[in-house]
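Trainee: Could you show me how to read salt bridges in a protein model? I would like the general idea and then the case at hand.

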Amino acid sequence: MKISTVLDHIDSGHMALPEFQRGYVWNRDQVRALFDSLYRRHPIGGLLVWATESHSASHRGEGPVAAGIVKLLLDGQQRITSLYGVVRGRPPQFFDGNAQTFTGLRFHLEAENFAFYQVLKMQDDPLWIDVTELMKKGTAGLGEFVARLSSSPEHQPKIGDYVGRLSRLLGITDIDLHVEEVTGSDKTLDVVVDIFNQVNSGGTKLSKGDLALAKICVDWPEARDHMKTRLKGWATADYHFTLDWLLRSVNTVLTGEAKFSFLHDKTASDIQDALSRSSRAIDTTLNLISGRLGLDHDQVLFGRFAIPVMVRYLNQRTGPIGEKERDKLLFWFVEAGMWGRFSGSTETYIDQDLAAIEAAPGEAGLDRLLEQLRLWHGGLRVEPGHFTGWSLGARFYPVLYLLTRMGEARDWGTGLPLKSSLLGKMNRLEVHHIFPKSQLYKSNYKRPEVNALANFCFLTKETNLAISDRLPEDYFPEIEASHPGALTSQWIPLDADLWKMRNYREFLEARKSLLAVETNRRMEDLLHGDVLWLGGPAPIAPVAAQDLGGITSTAEEEELEALNGWVESEGLPRGVIDYELVDVSTGAHRSVFDLAWPNGIQENLSQPVTVPLNESGETLVLASAHGFRCFTTSDDFKRYVRTEILSIDIAA
């Protein structure tokens with residue numbers, strides 16, 4: 001089938017996108033590569049469609065489908081959406097993504113390459129052809145382009161070549177794509193989703209939640225949009241969740257179960273009501289977690305799958321929740337996060353916890369929930385060894401943040417408590433290395449010790465910059481003189497001998513003890529004296545060898561800072577130093593990338609990139625698997641920026 005026919009079928013409603021398909025996720029690099037392949041007549045693969053009756057076809061978008069048989073795209077959505085967007089100059093009706101990704105594509109008639117519009121480079125240069133304008137005007141509009149070229153004497157000798165290239169560009173829509181159809185009355189939604197996952201084995205598979213949502217959208221087509229609206233609301237508060245996660249909470253409220261299969265026989269009105277109730281309960285839960293615990297953004301929200309359980313508990317209650325009951329629920333949330341309750345079989349543990357709160361009404365169910373947690377893990381009391389982890393991915397990193405926000409931790413520059421009410425961008429909290437990284441690397445300490453959790457504290461950005469890379473033995477006395485008690489408020493041992501570089505390891509051990517004492521004190525506060533739940537000491541799990549990624553030396557750090565400065569000098573946004581890769585489903589730490597642009601240098605338009613210097617192959621594989629383009633040297637990265645982002649012609 002010709003590409004032009006495929007696009008016509010989309011316009012007429014004979015071809016659409018099934019409801020279970022995800023949105024448009026390509027970036028400009030991929031769009032440019034697609035058109036380059038088409039122009040050179042390289043193969044781009046065929047399409048797989050599901051031919052089904054239009055009256056039963058659950059499709060995305062507001063436009064109606066044609067009567068009779070409709071073809072729903074199973075494989076080829078990204079390619080066809082890109083083609084439609086460039087050729088038609090607008091997104092298709094089923095579009096869900098960033099239309100800027102395919103807006104402004106240009107073709108250079110002399111170099112025969114594609115790039116996206118840049119004013120300084122392309123303005124007033126007739127050799128840069130607007131691909132969308134050409135496609136919309138078609139063959140009949142060729143004369144207008146020829147006239148523009150002819151007005152420049154230097155281009156006239158090659159007019160014939162240029163016309164041939166314009167015609168070749170227009171000929172893209174005449175290219176035939178092989179279309180394979182999935183047909184038959186036995187092809188249920190479940191079967192088609194399984195086929196999709198097999199065909200899409202190299203991409204992101206559809207989850208059980210995707211399938212459940214697709215079935216919901218058959219009866220309630222607007223369900224996905226309503227849920228996305230809720231997610232956007234929480235995202236503005238720096239809590240980023242997935243559709244699967246929200247649907248899990250809807251499920252627990254409506255059915256009291258974790259498995260999505262329990263949603264399959266529910267009506268649209270059931271789902272609408274459950275979404276409303278679960279959203280209110282999520283709002284309440286996040287307000288409790290942020291307001292009482294101080295966990296006010298996504299990176300410190302450990303145990304996010306405890307929230308569907310809390311949502312069920314709150315939804316089952318009648319009347320306002322009392323202070324003691326509220327704090328006991330939050331105690332369970334913190335303890336579940338600290339010990340990794342939901343890092344394994346999520347559905348199994350959610351079901352167990354739901355069963356616990358269903359077994360007895362009100363606070364008695366909460367007691368069962370705590371008893372189940374204690375039986376599963378052992379004692380819940382924190383020991384110094386639990387703070388042995390390192391990097392932002394350590395499980396107790398959110399605990400350190402919680403202690404800072406929940407307690408009386410004070411900033412070392414102003415002496416003010418580090419509460420969320422601080423205003424101004426210079427008062428946002430940053431991780432501060434108490435013993436500076438550069439000094440530790442010079443003293444031959446390895447990465448796990450340099451980035452030890454006990455070497456972290458939180459300060460305002462302004463204070464962090466002011467301290468810079470000074471040693472504690474230099475700046476601690478100044479802080480104590482200016483703001484007495486500010487050091488102890490951040491659990492700093494007051495033995496001045498421990499502030500010296502030679503005693504760094506002893507400092508870490510002493511501070512871990514202070515952090516453990518403070519954590520247990522805060523947990524006791526949440527229990528309002530009912531400390532039997534803390535029981536004996538918790539077992540100290542072996543510390544995972546979190547050795548994937550991260551800066552390993554002062555030389556690396558200086559090179560990355562210089563590279564970031566170069567990027568900024570080119571008018572582009574700085575990357576994130578020590579970017580933490582997190583599993584979006586569980587919130588679990590996966591790796592630390594030296595320098596990264598997780599949304600692309602041209603945000604959400606170009607591919608995510610990272611510069612991992614001197615990293616293992618495992619780190620590179622992990623980065624690639626998560627969609628990052630890797631550059632292992634500064635020179636390679638700069639070449640990429642110049643040629644593909646800035647589109648500067650340089651010698652290879």
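Trainee: Which residue forms a salt bridge with R90, and how far apart are the closest N and O atoms?

Mentor: A salt bridge is a side-chain nitrogen of Lys or Arg within 4 Å of a carboxyl oxygen of Asp or Glu. Here R90 pairs with D11, with 3.5 Å between the closest N and O atoms. R90 sits in the loop between α3 (77-88) and β4 (105-108), while D11 belongs to helix α1 (residues 3-12), 79 residues away. Helices (H or I, at least four residues) and strands (E, at least two) are DSSP runs, numbered from the N terminus.

Mentor: Please keep in mind that this is a predicted model, where local features need pLDDT of at least 70, side-chain atom pairs count only at pLDDT 80 or more, and totals for chains, interfaces and linings use all residues. Residues are numbered from 1 along each chain as its sequence is written, and side-chain values use heavy atoms, leaving out hydrogens and water.

Trainee: Where do E181 and K71 lie?

Mentor: Their side chains meet in a salt bridge at 2.8 Å, N to O. E181 is in strand β7 (residues 179-182) and K71 in strand β3 (residues 69-75), so the pair ties together parts 110 residues apart in sequence.

Trainee: Is R502 buried or exposed?

Mentor: Buried means under 20% relative accessible area, exposed over 50%, and partly exposed in between (1.4 Å probe, protein chains only). R502 is exposed at 59%, whereas its salt-bridge partner D497 is partly exposed at 35%.

Trainee: How many salt bridges does the count come to?

Mentor: The count is 46. E408, E518, R521, R522 and D525 are joined in a network of them.
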